[in-house]
Amino acid sequence: MTPRQVVDHLDRYIIGQNEAKKAVAIAMRNRWRRHRVPTPLKSEIVPKNILMIGPTGCGKTEIARRLAKIADAPFVKVEASKYTELGYVGRDVDGIIRDLVDNAVNIVKQRHRQRQQGVIDRAVEKTIIDALCTPNGDERTRGSFLQLLRDGKLEDRLIEIEISSGRGGTGTGGRYPPPQLGPNIDNNSPTTNRNEFMSDISAMVQSLSFTSREKQTKKLPVADARSILAEREAEKLMNQDMIIRQALKAAAEDGIVFIDEIDKIVSPSDSWRKSADASAEGVQRDLLPIIEGSVVNTRYGPLNTDHILFICGGAFHSSKPSDLMAELQGRLPIRVELKGLTKDEFYRILTEPENNLIKQNTALLETENVHLIFTDAAVNEIALVAEEVNINVENIGARRLHTIMEKILEEVSYSAAEKGATPDAPVNVVIDKEDVIGALAAFREKQDLSRYIL
């Protein structure tokens with residue numbers, strides 16, 4: 001997709017923030033361009049990492065998440081505040097890359113399975129028909145059962161299949177070789193993260209136990225057996241070494257890491273709390289080599305982070321981007337500021353995106369044959385209240401709309417099943433401006449809005 005097409009796609013789900021959309025669209029296009037650059041120069045071209053600055057709920061996470069979907073790339077979203085300096089209790093930053101590789105493995109497996117879906121479906125059908133028919137069943141009988149199966153008329157029929165006595169009963173055993181403990185230990189570090197080490201020990205024991213357990217026969221409905229058999233057939237068709245190689249390449253070449261709340265590991269330069277968190281600056285130091293480009297050992301093998309795109313986000317209420325370590329600032333060259341949302345943008349959020357809140361709530365009540373209708377005046381009033389409360393209490397951006405909508409629709413949702421609506425005689429419920437004012441009146445009358453749910 002061209003940058004313009006990426007922005008057009010993001011516009012379908014996210015209102016405003018054009019500067020941020022353009023920045024990520026260009027970053028994504030540069031990836032496509034880099035893949036076409038001749039090899040000697042290709043390795044020298046590194047991503048232009050992005051720092052998004054803006055209040056919570058303004059679209060930072062959603063932009064990064066939608067970008068990863070467009071690119072169909074390995075993506076992981078983490079909160080910087082969950083990590084601690086190496087040697088402290090908590091997760092170390094290498095776990096970010098390990099999570100990215102895990103995500104890449106799942107993506108590659110899913111792609112492989114989609115390519116082989118026809119083969120898998122035929123193999124599953126054959127296994128089910130074999131279980132339903134006698135060994136000497138003729139082709140006509142098998143054909144009749146196959147048609148019934150495809151018509152969904154045998155979903156409750158019990159069949160016997162072999163399953164593993166291990167995790168999940170899927171019969172797949174350990175999907176990958178036991179994780180290697182050695183690669184996960186940073187020999188250049190004075191301290192090894194104990195949590196990661198113990199996690200690898202546990203994974204190895206589980207994997208070994210899977211392969212050592214015997215299979216057993218169990219009776220299951222066809223509907224339940226189908227997913228187990230499909231998983232088994234998919235595993236048979238997968239070359240695990242190839243899956244891992246492709247996953248490592250996808251993570252290294254196309255991976256996207258979104259680090260949210262990066263301002264939470266920054267101490268204001270002029271604050272008396274500068275040294276309040278002994279680990280905060282240490283997390284920045286630990287993040288630096290990953291963002292600069294280094295090799296992180298994962299259970300699937302080493303991964304070079306040189307070409308992973310890092311997008312960092314933060315509100316920076318009590319600090320500013322210049323309070324970041326100078327080296328880290330240098331690795332986030334593209335900076336975009338996302339604006340707080342106004343009444344007009346709240347109105348657009350409620351009406352324009354394909355999956356807007358009004359459509360979502362309308363669809364939910366349609367299941368009870370209740371047709372929800374919002375007047376334009378009501379939508380304008382909701383947008384106005386969202387802006388007011390964000391200004392007077394705390395700015396949580398578009399998330400404010402979820403709480404307001406729940407309050408407005410509370411009574412309708414509670415009594416929808418009792419309205420006696422049927423497909424032939426649906427009930428229309430109109431929400432107008434007066435309904436919105438009435439539902440939210442108690443909150444607007446109070447000066448200390450922060451004590452209430454809004």
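The model is predicted, so local features need pLDDT of at least 70 and side-chain atom pairs pLDDT 80 or more, while totals for chains, interfaces and linings use all residues. Residues are numbered from 1 along each chain as its sequence is written, and side-chain values use heavy atoms, without hydrogens and water.

**Exercise 1.** Find how α15 and α16 are oriented to each other.

Solution. Step 1: helix α15 covers residues 376–392 and helix α16 residues 399–415; helices are DSSP runs (H or I, at least four residues), numbered from the N terminus. Step 2: their axes come within 10 Å and cross at roughly 125°. Axes are lines fitted to C-alpha atoms over the stretch in contact, with angles from 0 to 180 degrees between N-to-C directions. Step 3: angles under 35 degrees count as roughly parallel, over 145 as roughly antiparallel, 65 to 115 as roughly perpendicular and the rest as oblique. α15 and α16 are therefore oblique.

**Exercise 2.** Find how α5 and α10 are oriented to each other.

Solution. Step 1: the axes of α5 (residues 94–115) and α10 (residues 240–254) come within 8 Å. Step 2: the crossing angle is roughly 125°. Step 3: α5 and α10 are therefore oblique to each other.

**Exercise 3.** Decide whether Cys58 is buried or exposed, and do likewise for Cys312.

Solution. Step 1: buried means under 20% relative accessible area, exposed over 50%, and partly exposed in between (1.4 Å probe, protein chains only). Step 2: Cys58 has 4% relative accessibility, so Cys58 is buried. Step 3: Cys312 has 0%, so Cys312 is buried.

Terms used. Helix = DSSP H or I, 4+ residues; strand = E, 2+ residues; numbered from the N terminus.
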